[in-house]
Amino acid sequence: MSKYGQITEFLGYFLENEIKKTGLSKVVVGLSGGLDSAVVAVLAQKVFKDDLLCVKMPSQYSSQSSLDDADELCRDFNLRSITCSIEPMLRAYEEMNTDLDNLRKGNFSSRMRMSTLFDISARESALVLGTSNKSELMLGYGTLYGDLSSAINPIGDLYKSEVFELAEYLNVSRSIIKKPPSADLWDGQSDEADLGYTYKELDTAMKLYVEERLSRDEIIAKGIDAKMLDMIIQKIFRNHFKRKMPVIAKLTSRTLNHDFNYPRDITL
């Protein structure tokens, strides 16, 4: 079996096992028309079939190509889906806050989408699947309580370049694989333009730093751009708070996340 065949099999087991532990049987995933949500949806469909609900949540800034790609994916893989536009909520907020810049607008959009998704999950008695990859999580390239939120994340230990390769294995639509990564948070938004480098460049450096634990000097000696590497290291540590539960001030003998640390799936 190929590498990505093994990964697909393992992630299917992971999803089935983790959902079963909660006593639930259904999952929901926000489907943007982008690569990460497409891969998560296809993985989930293999396990949950009609117990998977894909939710498309466009805004006035969503590109038509993203909407078309999401629809094509649903047809190709027979995905059950609904559309819940966040445009009315976003327009109302923009009217009340005329000083919104792109960052605030993007964060608000991301949180409105996740609020919508969690509400639908409550209605469906389902769990929300995460779609953030390891590159985004390490760099903090995501919105706290927005796209970084989920109950279970099957692709959080795969770098973006690996998600591309998994998408190829899963036969995700070529239009999704080939287009530049974007969250469609505002007009013309591009992930790689925001970060200043391609995911291939970033992942090559991050694997040396995170997986192989090489020093800064050792990585630069391998030909990695020093400016990019310093940016990566800075973002990894500056955004560590996004990868942790909120820090609780310790006042008692057994404080949550300090001393009271049972596994989340513990049962009586």
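Visitor: Which residues does S161 touch, not counting residues up to four places away in sequence?

Guide: This is a predicted model, and in it S161 touches D203 and K207 once residues up to four places away in sequence are left out. S161 has its place in helix α7, and its side chain is joined to the side chain of D203 by a polar contact of 2.8 Å.

Visitor: How should I read a nonpolar core, and which residues have the most contacts inside the largest one?

Guide: In soluble globular proteins, nonpolar side chains tend to be buried together. Here the largest nonpolar core has 37 residues, and V39, L73 and V172 are those with the most contacts inside it. At least two residues of this core come from each of α1 (3-22), β1 (26-30), α2 (35-48), β2 (52-56), α3 (64-77), α7 (160-169) and α8 (174-178), and α2 gives the most, with 9 residues.

Visitor: What does V172 touch, not counting residues up to four places away in sequence?

Guide: With those residues left out, V172 touches A38, V39, V42, L73, F77, A167 and I177.

Visitor: Which residues of α12 are buried?

Guide: In helix α12, the buried residues are M228, L229, M231, I232, I233 and I236, and what covers them includes α6 (134-139), α9 (191-195), α10 (199-211) and α11 (216-221).

Visitor: How many residues does helix α12 have, and what does it reach from its first C-alpha to its last?

Guide: Helix α12 covers residues 226-238, which is 13 residues, and reaches 18 Å from its first C-alpha to its last, close to the 18 Å expected at 1.5 Å a residue. At the start of α12, the backbone nitrogen of K227 has a side-chain oxygen of D225 within 3.3 Å.

Visitor: Is S121 buried or exposed, and why?

Guide: A residue is called buried when its relative accessible area is under 20%, and S121 counts as buried because its relative accessible area is 7%. S121 has its place in helix α5 (residues 102-124), and, not counting residues up to four places away in sequence, S121 touches V28, A126 and V128.

Visitor: How many residues apart in sequence are S121 and G106, and what separates them in space?

Guide: S121 and G106 are 15 residues apart in sequence, while in space they are 23 Å apart, taken from C-alpha to C-alpha.

Note on methods
Residues are numbered from 1 along each chain as its sequence is written. This is a predicted model: local features need pLDDT of at least 70, side-chain atom pairs count only at pLDDT 80 or more; totals for chains, interfaces and linings use all residues. Side-chain values use heavy atoms; hydrogens and water are left out. A nonpolar core is a set of buried Ala, Val, Leu, Ile, Met, Phe, Trp, Tyr and Cys residues joined through side-chain atoms within 4.5 Å. Buried means under 20% relative accessible area, exposed over 50%, partly exposed in between (1.4 Å probe, protein chains only). Helices (H or I, at least four residues) and strands (E, at least two) are DSSP runs, numbered from the N terminus. Contact means heavy atoms within 4.5 Å. The expected span of a helix is 1.5 Å times one less than its number of residues. A polar contact is a pair of N or O atoms within 3.5 Å; within protein, one must be able to donate a hydrogen and the other to accept it, and residues adjacent in sequence count only if both atoms are side-chain atoms.
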